[in-house]
Amino acid sequence: MAAIDLPSPSARSLLLTIVGEFMFPPADPAWTTAILRVLSSLGVEEHAARQVLARAAAADWLTRERDGRAVRWRIAQRGLTLAADGIRRSNAFLSGPPSWDGRWLMLFVTVPNQRAAVRKRLHGGLSWLGMGNPTPGLWVTPHVERGDELTDLVHSLELEHSALAVVGSLHETGMGAHEVVRRAWDLTEPARYYEALLAHLDDRPEPRSGDEVLLAYLDLLSLQQHLMRVDPFLPEALLPEWVGRTGAARIRALRHRWAEPARARWAEILAESAPS
């Protein structure tokens, strides 16, 4: 199998990682200088970091507060929603393979040709929900608990009059569960990403200083977020052998090891960045 590079996170993705991990209430707001310092250490140039902060404020997931000439940032309402969703999904990812009662959440949906932008947004949202597309017009997932999120997505795109959602088990008339999995998801690339992640972690020396641990931790979280977007997180009954479970267990162990010192270093950077 050919080697594959791990994806490089965008400045926006890195900022979301910092917000979700270190700024979720009851955490203290963060000074601009602290955020710029950490983003710079992650390879984001200052002008790009300032730009993504401005866009975060415009999108209502961060708010700025002035203290003299200094500015600090606090998570806003939309940011709370995004971060809470990310935390919930992360906890599920790290908790191990989900149990499954044999039921599927299924969506039958059509989007007119003239609404190509809506179709693109729909497909992106369905992929984030871990839904696969075994036949044209049909999307499925064994995660029936995501029904409310699916409803929100369909309503936000004003597709409720061309969509039908069903929860139930498969009938023996057609495809079986493993055939549905084979057709609905191409897991080749996610498997290669997991293998690259494991090789990357094997080769990486253990971080020692506070800054090294903080950056290693944020790098790990960014990689986890990418994997959560491409891995449908299927139960073991549907995918008995899956490298993703080994990858998730490795991420879980390293998060447990690095979380406390990374948070301590972040607190130090906040204190060092506060205006005198």
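This is a predicted model: local features need pLDDT of at least 70, side-chain atom pairs count only at pLDDT 80 or more; totals for chains, interfaces and linings use all residues.
Student: How do the axes of H2 and H10 lie, roughly parallel, roughly antiparallel, roughly perpendicular or oblique?

Tutor: Good place to start. Helix H2 covers residues 32–41 and helix H10 covers residues 243–273, and their axes are 8 Å apart. The packing angle is about 130°. Angles over 145 degrees count as roughly antiparallel and 65 to 115 as roughly perpendicular, so H2 is oblique to H10.

Student: Is that crossing left-handed or right-handed, and which residues of H10 make the contact?

Tutor: The crossing of H2 and H10 is right-handed. On the H2 side, the contact is made by Thr-33, Ala-34, Ile-35, Arg-37 and Val-38. Their partners in H10 are Arg-265, Trp-266, Ile-269, Leu-270, Glu-272 and Ser-273.

Student: How many residues of the contact of H2 with H10 are nonpolar, polar and charged?

Tutor: Ala, Val, Leu, Ile and Trp are among the types that count as nonpolar, while Glu and Arg count as charged. Sorted this way, the contact of H2 with H10 has three charged residues, two polar and six nonpolar.

Student: Which residues of H2 are buried, and what do they pack against?

Tutor: The buried residues of H2 are Thr-32, Ala-34, Ile-35, Leu-36, Val-38 and Leu-39. They pack against helix H1 (11–22), strand E1 (30–31), helix H3 (46–58), strand E3 (70–75), H9 and H10.

Student: Is Thr-32 buried or exposed, and which residues does it touch?

Tutor: Thr-32 is found in helix H2. Its relative accessibility is 12%, and buried means under 20%, so Thr-32 counts as buried. Leaving out residues up to four places away in sequence, Thr-32 touches Arg-50, Leu-53, Val-71, Arg-72 and Trp-73.

Student: And Ser-41, is that buried, partly exposed or exposed?

Tutor: Ser-41 also belongs to helix H2. The C-alpha atoms of Ser-41 and Glu-212 are separated by 9.8 Å, though the two residues are 171 residues apart along the chain. With 46% relative accessibility, Ser-41 counts as partly exposed.

Student: On to the rings: is the pair of Phe-93 and Phe-233 stacked, edge-to-face or tilted?

Tutor: The count comes to four aromatic pairs, and this is one of them. Phe-93 in helix H4 (residues 77–94) and Phe-233 in the loop between H9 and H10 are 140 residues apart, so to speak linking distant parts of the chain. Phe-93 is buried at 4% relative accessibility, and Phe-233 is buried at 14%. The centres are 6.0 Å apart with 35° between the planes, and the pair is tilted.

Student: What about Trp-100 and Trp-104?

Tutor: Trp-104 is buried at 1% relative accessibility, whereas Trp-100 is partly exposed at 26%. Their ring centres are 5.4 Å apart and the planes stand at 85°. Planes over 60 degrees apart count as edge-to-face, so this pair is edge-to-face.

Student: Where is Glu-158, and what is its phi?

Tutor: Glu-158 lies in the loop between helix H6 (147–156) and strand E7 (163–168). At 59% relative accessibility, Glu-158 counts as exposed. Its phi is positive although the residue is not glycine, with a value near 55°.

Student: What is phi of Asp-60?

Tutor: Asp-60 is found in the loop between H3 and strand E2 (62–67). Asp-60 is partly exposed, with a relative accessible area of 39%. Its phi is positive too, near 65°.

Notes. Residues are numbered from 1 along each chain as its sequence is written. Side-chain values use heavy atoms; hydrogens and water are left out. Axes are lines fitted to C-alpha atoms, for helices over the stretch in contact, and angles run from 0 to 180 degrees between N-to-C directions. Helices (H or I, at least four residues) and strands (E, at least two) are DSSP runs, numbered from the N terminus. Angles under 35 degrees count as roughly parallel, over 145 as roughly antiparallel, 65 to 115 as roughly perpendicular and the rest as oblique. A crossing is left-handed if the near helix is turned anticlockwise from the far one by less than a right angle, and right-handed if clockwise. Contact means heavy atoms within 4.5 Å. Rings of Phe, Tyr and Trp (its six-membered ring) pair if their centres lie within 6.5 Å; planes under 30 degrees apart count as stacked, over 60 as edge-to-face and the rest as tilted. Buried means under 20% relative accessible area, exposed over 50%, partly exposed in between (1.4 Å probe, protein chains only).
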